[in-house]
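I set out to record what I looked up in this model, taking the chain interface, the cores and the pockets in turn.

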Amino acid sequence: MAVREIDCLYELCPVPLLKAMKELKTMEVGDVVIIRSDHSCVGANIKEWAVKNQYPVEVVEVEDGEWEVYIEKTK
Amino acid sequence: MSNEMARLIEKRNGAKKKKNQIPFGIILLILALTLCIGFWQKEYKLAICWILGIGIGIVLRYSRFCFAAALRDPFLVKDTRLFRGMLLAMMVSTIGFAVIQYVYIQKNPIEYDFIPGAVTSVGIHVVIGAFLFGVGMVIAGGCSSGVLMRIGEGHALQWMVLLGFFIGTILGAKHYGFWYEHIIEHAKTIYFFEYFDFKIVVLGQLLVLFGLYVLAIWYENRYRKDM
């Protein structure tokens, strides 16, 4: 299982989601991508997209106002 | 979620501890209440506006409702959940404003400038303005309410957006005369209550909104499979 990190600090919606979508395309099945963000809507935004497309997803607030979104590529 | 991902999260974040923000919250609450009492003594309407403003901010923050996303996501990721939420909110406000305006025009003559809920002219300028606002909203990462809410959340970037917002508003106000003279003055104001019965207007608008709602669901189901 490879882990990739995308730095999306200071990036606004919808840029993190677009970056995540792009990254997921290049990944192998079973890999996990971590999106780091400090924009409060990014978590909700990406989670919604991932749940709809049946990717396992988890949003963790690592610090006040800083989130990490984990998405696993399953297909 | 697979076990591997759970372990990864645990490994990365297991030992971290967040700062306690409750004291700041209490200080802010006391400040807000003091201000509210001050407003109340001066003019009770100010206090009501203050409470409503904070209330709207809290609802916006916790619902994560974003008008920019509502209008952007249908195109970008074929997701219309927020857009449908906006349509529902418009249905509710349709009924609310219909009641307010109905009560108003029972007692007063129809004078566009005084009817509650801003009755203004319709024309090409609305399309141009809406398009410009939409482009700006997506680039700035939020509409005007979203920007204010995010400033409250602590996003420093949105201060810059607010500055741009001020500049734009001032420029707009300065040049309004030009636009009014050339485009807006010739546009017609259409107020449906003048032409149709009260019930038909409300029902018609609700039907249009409901039609858009159904269309949004169809659109989402149709294009989601391609992702």
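The entries below follow that order.

**Conventions.** I worked on a predicted model, in which local features need pLDDT of at least 70 and side-chain atom pairs count only at pLDDT 80 or more, while totals for chains, interfaces and linings use all residues. Residues are numbered from 1 along each chain as its sequence is written, chains are lettered from A and ligands numbered from 1 in the order in which they are written, and side-chain values use heavy atoms, with hydrogens and water left out.

**Interface.** I looked up the contacts (heavy atoms within 4.5 Å) and found 30 residues of chain B against 34 residues of chain A. The two chains bury about 2800 Å² between them, 57% of it on carbon and sulfur atoms; buried area is the accessible area (1.4 Å probe) that two parts lose on being put together, summed over both. B:M5, B:R12 and B:K18 supply 21% of the area that chain B buries against chain A, more than any other three residues.

**Cores.** I took a nonpolar core as a set of buried Ala, Val, Leu, Ile, Met, Phe, Trp, Tyr and Cys residues joined through side-chain atoms within 4.5 Å, buried being under 20% relative accessible area (1.4 Å probe, protein chains only). The largest such core has 20 residues, and A:L24, A:V33, A:I35, A:I46, A:W49 and A:I71 have the most contacts inside it. In chain A, α1 (15–26), β2 (32–37), α2 and β4 (66–72) each supply at least two residues of this core; helices (H or I, at least four residues) and strands (E, at least two) are DSSP runs, numbered from the N terminus. α2(A) gives the most, with five residues. Apart from this core lies another, of eleven residues, among them B:A68, B:A70, B:M86 and B:M137.

**Pockets.** I used a 1 Å grid over the protein atoms alone, where a pocket is an open set of points that a 1.4 Å probe fits, with protein on both sides within 12 Å along at least five of seven lines, and lining residues have an atom within 4 Å of a point. Of its 43 lining residues, B:L28, B:R61, B:M149, B:G152 and B:E153 are the closest to its centre. α2(B) gives the most to this lining, with nine residues.

The second largest pocket has a volume of about 780 Å³. Of its 23 lining residues, B:G117, B:A118, B:Y191, B:F192 and B:Q205 are the closest to its centre.

Technical notes
Grid points are joined across faces, edges and corners, and a volume is the space filled by probe spheres set on the points. Buried means under 20% relative accessible area, exposed over 50%, partly exposed in between (1.4 Å probe, protein chains only).
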